[in-house]
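Q: I am new to this structure. Can you show me how to read its features, one at a time?

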Amino acid sequence: MAIQWFPGHMNKARKDLAERVKDIDVVIEMLDARLPASSANPMIARMTRGKPALKILNKQDLADPAVTQVWLDYYCARPGTRAIALDAGERAPVTKLVSACRALAPNRGGLEKPLRVLICGIPNVGKSTLINSLTGRRIAKTGNEPGITKGQQRILLADDFELVDTPGMLWPKIEVEEGGYNLAASGAVGRNALDEEEVVLELLRYLMKHYTPLLQERYNVGDIDGWQDFEVLEQIGRRRGAMLGGGRVNIQKAAEIVLTDFRAGSIGPITLERPDEWKAWEKAAREREAQRQALREAQRLEREQRAKGSR
């Protein structure tokens, strides 16, 4: 199942961003530290190409710290890019953020040349919470559901530092299937756009590969070596009392338990992708798309041939 979610307010936000980005000096993109590449918006990357970029890996307290460092090194190796990691509830991030932005645009600053910074990210990545922390007051709505912020707003962090907030945006077509599942697992996608059981089975497959001890400790499932993902989900349901009549497991409830635990960090510090994995997923996605394009072209040519033959 392909995960796609691009409601109307996101399309409007895309058009607004295209206009606003012309006057911006630095682009901050907030990423989910548990899924840095999946939460990086390729649409924003295209629209802001050539602009200095600060990547914020937010919710680092929920992510695997060793893998977070790998991602920080990965992004910092890019030209014109810096990367920092923040906790979801970090109290005083303003100094770290402002210093990084000023380093990326050293020729901007002072009242004559104020630094203009755009902050963007996917839904539910913690952007509004960060902005409230930066300003020391509640000026951005926060919540656990994606799509809370619906319009741009300008915020002065200093006399010569203007921050432009934008609504959380996904993109019209998520090419990398694994990325779509990771976004859904994190809560960035509206519930009406996903099958929670399917998302959880994908999540469990990854956890069984990289974080089996955390699964065993959280759910007391014992030795699951050689088990299938659905068997693990059923066992979790039994352990947590997610049962129907006749001894059957309530799979929907079991899936909701796992999703809730993952999003809250209750399973443990987890990151769902590494740079080398992401590159492999991207390559496979490109190959699948090329095959689809070739099939469509072959079908088009076949229709043309049949049309000629019927004349």
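Predicted model: local features only at pLDDT ≥ 70, side-chain atom pairs only at ≥ 80, totals over all residues.

Q: Where is asparagine 41 found?

A: Asparagine 41 sits in the loop between strand 1 (26-32) and helix 2 (42-47).

Q: Which residues is asparagine 41 in contact with, leaving aside its neighbours within four places in sequence?

A: They are Glu29, Met169, Leu170 and Trp171.

Q: Is asparagine 107 buried or exposed?

A: Asparagine 107 counts as exposed, at 63% relative accessibility. Its place is the loop between helix 4 (94-104) and strand 4. Now compare sequence with space. Asparagine 107 and aspartate 25 are 82 residues apart in sequence, yet their C-alpha atoms are 9.8 Å apart.

Q: How do I read a sheet?

A: Look at the pairing. Strands of a sheet pair through backbone hydrogen bonds, either parallel or antiparallel. Here an open sheet of 6 strands runs in the order 3-2-1-4-6-5, and its pairing is mixed. Strand 3 (81-85) and strand 5 (153-158) are the edge strands, each pairing on one side only. From one strand to the next, the twist averages 25 degrees.

Q: In which sense do strand 1 and strand 2 pair?

A: Strand 1 and strand 2 pair in the parallel sense, over 6 bridges. Isoleucine 28 has leucine 54 in strand 2 as its bridge partner. Strand 4 and strand 6 (residues 161-165) also pair in the parallel sense, over 5 bridges. Leucine 118 stands opposite valine 164 in strand 6.

Q: Which way do the side chains of a strand point?

A: In a regular strand the side chains alternate between the two faces of the sheet. Take strand 2. Ala53, Lys55 and Leu57 point one way, while Leu54, Ile56 and Asn58 point the other way. All of these are buried.

Q: Why is strand 2 called largely enclosed by the rest of the structure?

A: Because 6 of the 6 residues of strand 2 (residues 53-58) are buried.

Q: Which helices lie across the strands?

A: Helix 4 lies across strand 1, strand 2, strand 3, strand 4, strand 5 and strand 6, and runs at about 170 degrees to strand 3. Helix 5 lies across strand 1, strand 2, strand 4, strand 5 and strand 6, and runs at about 145 degrees to strand 4.

Q: How do I describe two packed helices?

A: Two packed helices are described by the angle between their axes and the distance between the axes. Helix 6 (residues 177-186) and helix 11 (residues 275-309) pack at about 120 degrees, with axes 8 Å apart. That makes helix 6 oblique to helix 11.

Q: Which residues meet there?

A: From helix 6, Glu177, Glu178, Gly179 and Asn182 meet Trp278, Trp281 and Arg288 of helix 11. The residues of this contact divide into 2 nonpolar, 2 polar and 3 charged.

Q: What should I know about phi?

A: Most residues other than glycine have a negative phi. Asparagine 124 has a positive phi of about 65 degrees. It lies in the loop between strand 4 (115-121) and helix 5 (127-135). Asparagine 220 also has a positive phi, near 55 degrees. Its loop joins helix 8 (212-219) and helix 9 (229-239). Asparagine 220 is exposed, with a relative accessible area of 51%.

Technical notes. Residues numbered from 1 in each chain as written. Heavy atoms only, no water. Axes fitted to C-alpha atoms, helices over the stretch in contact; angles between N-to-C directions. Helix = DSSP H or I, 4+ residues; strand = E, 2+ residues; numbered from the N terminus. Parallel < 35°, antiparallel > 145°, perpendicular 65-115°, else oblique. Contact = heavy atoms within 4.5 Å. Nonpolar A, V, L, I, M, F, W, Y, C, P; charged D, E, K, R; others polar. Buried < 20%, exposed > 50% of the residue type's maximum accessible area, 1.4 Å probe, protein only. Pairing = 2+ DSSP bridges.
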